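Q: Hi, I have a structure open and would like to talk through some of its parts. Could you take me through it step by step?

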Amino acid sequence: MTSSGSQKKANPFWRFFSSVKLTIVLLILLAAASILGTVIPQQGQGAVDFAKRLDPAWFRFFEFLDLFDMYHSLWFRVLLTGLSLNLVICSIDRFPGAWRRFRAVPKPDRNRPFADLPADRTFVVRTDAADAAGRVGRFLRSRLKRVREKTSGDRHFFYGEKGAFSLFGVYLVHLSVLVILCGGLVGSFFGFEAYVNISEGEKTGTVVLRKGMKPLKLGFEVRCDRFRVSFYDDGAPKEYRSDLTFFVNGEAVAERSVRVNHPVHFRGITFYQASYGKIPGGKARIGISGGGPDQGTKTVEITPGEALSLPGGEGKFLVADAKGDFMGMGAAARILIRPEQGKEIHFWIFEHPEKILPRLPGPMAKSPVFNASAFPPYTFYLKGLESAYYTGLQVNRDPGVPIVWTGCFLMIAGFFITFFTSHRRIWIRLQGTEGKTVVSVAGSAGKNPVGLERELAKLTADLKALLSRPDGS
Amino acid sequence: MLNTIILSYVTFIYFAAFMCYLLMMVMGKDLPGRVATWLSAGGLLIHSAGITLRWVTSHRLGIGHAPFSNLYESLIFFGWAIMLLYLIMEWRTRNRSLGAFVTPLAFLAMAYASYAPDINDRIQPLIPALKSNWLIAHVITCFFGYAAFGLSFGLSIMYLLKRLDRGEGKNIFLRLIPGKGILDELNYQMVVIGFLMLTLGIITGAVWAHSAWGSYWSWDPKETWSLITWFIYASVLHSRLVRGWQGKKIAILCFIGFSCVLFTYFGVNYLPGLHSYAKS
């Protein structure tokens, strides 16, 4: 571990956070904690059901450790903060060393790189040393960076390098992790996650925040003009689509369609297709038999809440309540009858009474509340309930997203630099003897020794070709 | 359907290749090794044809989509990625011993896909959440990552076995395994490739989740487990590059890492979450 100052080294806080052991411990702790979070149901109904089955003592323990919302608990955030601090301090601690290695240009006339040089890294050409040195210098400058040369007597030394930036790849990766975490923080402070259900034809300017279920005013209104769901032949859903119109100050300014995977952005807020449902919204078709002048069956269409006269004029009736789906077995409506004389009575009628009535417990089935003939001589039938769709939209604002994507991009760039480039240093020595020159090629690399060998072999071959040509062009 | 029949035959080709690699390791002869390589390469070719045919068939059915949409198709692709990476490695290192450790992974993936009773091999239309161009990028990066970690797992086992070799050359099986230094280096390369691919897989997944669910990260069990896997391999890289760990410790960490990969792939299906279409 290289530390840039003895003062820093003495500081126990610094020493603790600059340790890679700590990084590994934190990564393993975070992994272990995340495992807990996937085993224990988090938030929502699952968590409530799980909590109900727990022993009270265990429940208190879980509750104390925030295990039902672990990823947002204080201690999980402490671990993440610890990792960020560790990352920052490790990087600051090591950066000066990397910077020195980046800045340092070794002397060209070093002999150590040439020790134990394999035989095929040395060759002889029939060119005199001074001419060869000129050609090699020009060649290296076109191929390597920071080329240095030195001449002592009949010996010419060259140094050059490439890929020095690869020393910084790891800092780019570490920076990218911090950028991503920053993006997450920005999102959680300045963004929101909300949802809203809008029935077809309706308009709203308020959504409900997922956190705390508080209402939030958008500052504009959105209307659901139409919701459509289409299915494949095998019954699997094919597409959910909501046609929306946005209103600012009561004026329609934009029409957009939201589909799954194709959210809509409006004024910095994004709308996602999340769910849908059916609600009894329209008219009910009610059949009435047994009364009136002809005693036959008539069918009327009636809007819930609207009162109509009974065929025989005994009073009025209305649909007081309507359910699109009663116990999962079809539509139901509550009929309220206001006779001219006597008490009001009400009862439920069903679109499919043959399915629902047998499933009601005995006493309930006999109750007048489920008797469609409770007001003699009439019998009421529910022939259909017009229903409308509502669309469930996820409504978010997250200004942290571009920051997160920047971080992801930096991370990938950092990985490529760290793992697939390396800092290669190359030394070349020319030794002149009687019109001939002995050329030796040596090098060192931070990583990927195989790649270095390949590069040196190619360089040796190129130099051989260069120096064998009579004109050196 | 024809494509599933072809793919189910590939299972046997890989099994035969595995047996030949094993025979080579036990007998120390070159011939079974060469047969194994031909079987693997031929198997991969037929495997590719099967996947292509499945893709074409889905377009003929009018519900055309890349064959990466359910557990069956992902297993098939997992097997394909393992064999492709392995053959590239065999060709580059000119060593066949890894085959005996990696072909069983491809064989098991194919056998599970083709013969497990609870796996649906029909071509199904895409549900709305899966209709995204990110599907292809996400699945390809993730499964190449998993495949690289699979190879790293095989190399780790070889490393641990090689430690039993006393250098007397009596045991043919152990003698054919390359030296510990080479194994360690190859293992490191596989971890780097796997880590890069896993990172890309997580990122493409996040971009996709952001457009489908409205949130780039929701702590869904599959997301969380992929992050756990990422943490483990990040530890492998740090302990090797900074602390200088090598050999046995790294091999054991890679073992743990691959267990996490398998859990991310299969185990998570038993936990509640958003990735339900990968279950059957």
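A: Gladly, and please keep in mind that this is a predicted model. We can begin with H8(B), which has 21 residues and reaches 30 Å from its first C-alpha to its last, close to the 30 Å expected at 1.5 Å a residue.

Q: Is H8(B) mostly covered or mostly exposed?
A: H8(B) is mostly covered, with 19 of its 21 residues buried.

Q: OK, and at what angle do H7(B) and H8(B) pack?
A: Helix H7 of chain B, which runs over residues 180–212, packs against H8(B) at an angle of about 145°, and the two axes are 10 Å apart. The crossing that H7(B) and H8(B) make is left-handed.

Q: Why do you give me both an angle and a distance?
A: Two packed helices are described by the angle between their axes together with the distance between the axes, so both values are given.

Q: Which residues meet there, between H7(B) and H8(B)?
A: On the H7(B) side they include Tyr188(B), Val191(B), Val192(B), Phe195(B) and Leu198(B), while the H8(B) side includes Leu227(B), Trp230(B), Tyr233(B), Ala234(B) and Leu237(B). Also among the residues of this contact are Asp184(B) and Glu185(B) in H7(B), and Glu223(B) and Arg240(B) in H8(B). Sorted by class, the contact of H7(B) with H8(B) has 14 nonpolar, three polar and four charged residues.

Q: Let's switch to chain A. What covers the buried residues of H3(A)?
A: The cover includes helix H2 (12–17) and helix H6 (74–103) of chain A, and it also includes H8 (221–241) of chain B. Among the buried residues of H3(A) are Val20(A), Leu22(A), Ile24(A), Leu26(A), Leu27(A) and Leu30(A), and also Ser34(A), Gly37(A) and Thr38(A).

Q: How far apart are the ends of H3(A), and does that fit with a helix or go against it?
A: The end C-alpha atoms of H3(A) are 29 Å apart, and this agrees with the 28 Å that its 20 residues, 20–39, should span at 1.5 Å a residue.

Q: What caps the N-terminal end of H3(A)?
A: That residue is Ser19(A), which has a side-chain oxygen 3.1 Å from the backbone nitrogen of Lys21(A).

Q: New topic: where is Asp243(A), and is it buried or exposed?
A: Asp243(A) is in strand S7 of chain A, which covers residues 237–248. Asp243(A) counts as buried because its relative accessibility is 16%, and the cut-off for buried is under 20%.

Q: What does the side chain of Asp243(A) make a polar contact with?
A: The partner is the side chain of Ser257(A), at 2.8 Å. Leaving aside neighbours within four places in sequence, the residues in contact with Asp243(A) include Arg223(A), Arg226(A) and Arg256(A), as well as Cys224(A) and Asp225(A).

Q: How far is Thr421(A) from Gly169(A) in space?
A: Their C-alpha atoms are 8.9 Å apart, although Thr421(A) and Gly169(A) are 252 residues apart in sequence.

Q: Last one: what does Thr418(A) touch?
A: Not counting residues up to four places away in sequence, Thr418(A) touches Gly169(A), Val170(A), Val173(A) and Lys447(A). Thr418(A) is in helix H11 of chain A, counts as buried at 13% relative accessibility, and has a side-chain polar atom 2.6 Å from the backbone oxygen of Gly414(A).

Definitions and conventions. Residues are numbered from 1 along each chain as its sequence is written. Chains are lettered from A and ligands numbered from 1 in the order in which they are written. This is a predicted model: local features need pLDDT of at least 70, side-chain atom pairs count only at pLDDT 80 or more; totals for chains, interfaces and linings use all residues. Side-chain values use heavy atoms; hydrogens and water are left out. Helices (H or I, at least four residues) and strands (E, at least two) are DSSP runs, numbered from the N terminus. The expected span of a helix is 1.5 Å times one less than its number of residues. Buried means under 20% relative accessible area, exposed over 50%, partly exposed in between (1.4 Å probe, protein chains only). Contact means heavy atoms within 4.5 Å. A polar contact is a pair of N or O atoms within 3.5 Å; within protein, one must be able to donate a hydrogen and the other to accept it, and residues adjacent in sequence count only if both atoms are side-chain atoms. Axes are lines fitted to C-alpha atoms, for helices over the stretch in contact, and angles run from 0 to 180 degrees between N-to-C directions. A crossing is left-handed if the near helix is turned anticlockwise from the far one by less than a right angle, and right-handed if clockwise. Ala, Val, Leu, Ile, Met, Phe, Trp, Tyr, Cys and Pro count as nonpolar, Asp, Glu, Lys and Arg as charged, and the others, Gly among them, as polar.
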